[in-house]
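Here are some notes to read alongside the sequence and the model. They are set out as numbered points, each on one topic.

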Amino acid sequence: MEESMNRSGLRPPSSTHRRRTGAVLVAALAVTLAGATLPAQGAGSTLQAAAAESGRYYGTAIAANKLSDSTYTTIANREFNMITAENEMKMDATEPSQNQFSYSSGDRIVSWARSNGKRVRGHALAWHSQQPGWMQNMSGTALRNAMLNHVTQVATHYKGQIYAWDVVNEAYADGSSGARRDSNLQRTGNDWIEAAFRAARAADPAAKLCYNDYNTDNWSHAKTQGVYTMVRDFKARGVPIDCVGFQAHFNSGNPVPSNYDVTLRNFAALGVDVQITELDIEGSGSSQAQQYAGVHQACLSVARCTGVTVWGVRDTDSWRASGTPLLFDGSGNKKAAYTSTLNALNAGGTTTPDPTPNPTTPQPSPTTTTPPVTGTGSCTATYSEGQKWGDRFNGVVTIRANSAITSWTSTVTVSQAQRITSTWSGTPSWDSSGKVMTMRPAGNGTLAAGQTTSFGFTVLHGGDWTWPRVTCSAS
Ligand code: G3I
């Protein structure tokens, strides 16, 4: 067994060890989460039964044109209790001509789901992709109004039948910017996302409203931080958002990150549900099986991770069929990934709130930004929770260079009851009170614009779970 370093290069301070599996560190997550994991009540023999043991749903994407395939529907009916229309509720499918709505394929899926006692996730009301041709050529106020009309009409048609809507899909850019993706919708104004959420809430007040995206799984990635900042802002300003969907399309170039549970937990601490909405992992055999187990263990460790949806039934049904990314092979046989997923679900998870700060209690902002200084760089420090034990917790601070910097200094201030007992991946010094730690780089502090680095520490909490306050300054 090899001692693990997470993707930020951090080594846990305790004796915790993780087994490395290819590029992914997932196999021993259940061990590292042992303090927060509750055993399941019993063993479920299907995915939906096993997930239900801890109060979660288990879903899949369904294609309307496969509902006549009995192998497909037999598996779907047996294993899943949450259904997403893979393509049939998208903008191009539901409004092929402006103001002429077409619901027949979406309705077939809803009807099949509901007649078999299943709930439905709606996917997706507003998206830069899969827009009907007439919309692709629109801009400005006309496009904004057309988008809001679409959201209102489609959410009204399915009112009362949808558990959660992906209101806005994939609005953030890939790469290191952490910014919105350029699109015709984005060019109507930065408030287009919140306008869509408000229209959806007005149309179907009972549906949970989600923001859904991909490549938002790794906590230290700029895109993850961009979405997190938006959701935090929405919650602070009362924009009606209830959940965040993590698509979770993984392959060797985009493996399951070792900090996946941190990402899910930090979003949940904003006061939203988190859901894994389009899971698939390219690969085969035990490697794929271990990665599937790790994703489920991460979800199960977060009380507000309310369910998982895999993006299709059999490998041959997948949008990435050649990568054999799903739980059943083309003949409908259960794969090793199915067994590891079932076992992970049956191992149980937390159903009681994690000892995170109460979202109704004002918390110090986990992010502070130094003002840009002429001639030098600036940085952002973001606090994220790590593991927790009865008497202590780990914290991680991610330093992001907003422009090129040659060094950084970060302060971590803990409360009177708290005491930092150990640190890693930085050079600490202390003020006389012992409550303010100044952390400097362990080595070279140079960071290019958009680059991040992290350090960590352990806090003896003394009964106070308040997040430490963090700042960053750069030169
Ligand atoms: O149904 C037509 C068929 O009649 C035609 O002969 C054929 C030829 O091109 O196309 C078929 O439609 C395809 C459709 O899937 C149904 O198979 C479309 O071309 C194809 O573009 C479409 O791909 C879908 C893709 O979204 C489009 O962006 C995939 O099925 C669907 O799995 C995928 O789902 C997305 C999520 O919505 C958002 N997250 C990423 C995920 C994967 O890309």
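1. Ser301 sits in the loop between helix 11 and strand 9, the strand that covers residues 305-310. In this predicted model, Ser301 has a relative accessibility of 1% and therefore counts as buried. The C-alpha atom of Ser301 is 7.0 Å from that of Asp261, although 40 residues separate the two along the chain.

2. For the chain as a whole, the assignment gives twelve helices and 18 strands, and of its 475 residues 57% count as buried.

3. Which residue carries the "active site" annotation? According to the UniProt record, which is an unreviewed entry, the annotation covers Glu278, and in the model Glu278 belongs to strand 8, residues 273-281. Glu278 counts as buried because its relative accessibility is 5%, below the 20% under which a residue is called buried. With residues up to four places away in sequence not counted, Glu278 touches His123, Asn212, Phe246, Gln247, Ala248, His249, Thr309 and Trp311.

4. The peptide bond that joins His123 to Ala124 is cis, with omega at about 0°, and Ala124 is found in strand 3, which covers residues 119-127.

5. Two packed helices are described by the angle between their axes and by the distance between those axes. Helix 9 (residues 222-237) and helix 10 (residues 260-268) pack at about 15° with their axes 10 Å apart, which means that helix 9 runs roughly parallel to helix 10. The crossing of helix 9 past helix 10 is right-handed. Thr224, Val227, Tyr228 and Val231 make the contact from helix 9, and Thr263, Asn266 and Phe267 make it from helix 10. Sorted by type, the residues of this contact are four nonpolar and three polar, with no charged ones.

6. Helix 9 also meets helix 8, residues 192-203. Here the axes come within 12 Å and cross at roughly 55°, so helix 8 and helix 9 are oblique to each other, and helix 8 passes helix 9 in a right-handed crossing. On the helix 8 side the residues are Ile193, Glu194, Phe197 and Arg198, which meet Met230, Phe234 and Arg237 of helix 9. The residues of this contact divide into four nonpolar and three charged, with no polar ones.

7. In the loop that runs between strand 4 (164-169) and helix 8 lies Asn184. Is this residue buried or exposed? Asn184 counts as buried, because its relative accessibility is 12%. When its neighbours within four places in sequence are left aside, Asn184 is in contact with Gln131, Met135, Gln136, Met138 and Leu143.

8. Helix 12, residues 336-346, has eight of its eleven residues buried, and it is therefore largely enclosed by the rest of the structure. The buried residues of helix 12 are Ala337, Tyr338, Ser340, Thr341, Leu342, Ala344, Leu345 and Asn346. Among the elements that cover these buried residues are helix 2 (47-52), strand 1 (57-62), helix 3 (70-79) and helix 11 (285-300). Gly348, which follows helix 12, has a positive phi near 85°.

9. Positive phi values also occur at residues other than glycine, and two of them may be worth checking on the model. Asn99, in the loop between helix 4 (91-94) and helix 5 (104-115), has a phi near 65°, a positive value in a residue that is not glycine. Thr324, which is found in the loop between strand 9 and helix 12, has a phi near 35°, again a positive value in a residue other than glycine. Thr324 counts as partly exposed because its relative accessibility is 30%.

Technical notes:
Residues are numbered from 1 along each chain as its sequence is written. This is a predicted model: local features need pLDDT of at least 70, side-chain atom pairs count only at pLDDT 80 or more; totals for chains, interfaces and linings use all residues. Side-chain values use heavy atoms; hydrogens and water are left out. Axes are lines fitted to C-alpha atoms, for helices over the stretch in contact, and angles run from 0 to 180 degrees between N-to-C directions. Helices (H or I, at least four residues) and strands (E, at least two) are DSSP runs, numbered from the N terminus. Angles under 35 degrees count as roughly parallel, over 145 as roughly antiparallel, 65 to 115 as roughly perpendicular and the rest as oblique. A crossing is left-handed if the near helix is turned anticlockwise from the far one by less than a right angle, and right-handed if clockwise. Contact means heavy atoms within 4.5 Å. Ala, Val, Leu, Ile, Met, Phe, Trp, Tyr, Cys and Pro count as nonpolar, Asp, Glu, Lys and Arg as charged, and the others, Gly among them, as polar. UniProt positions are given in the numbering used here, feature names are shortened, and annotations may be inferred rather than shown by experiment. Buried means under 20% relative accessible area, exposed over 50%, partly exposed in between (1.4 Å probe, protein chains only).
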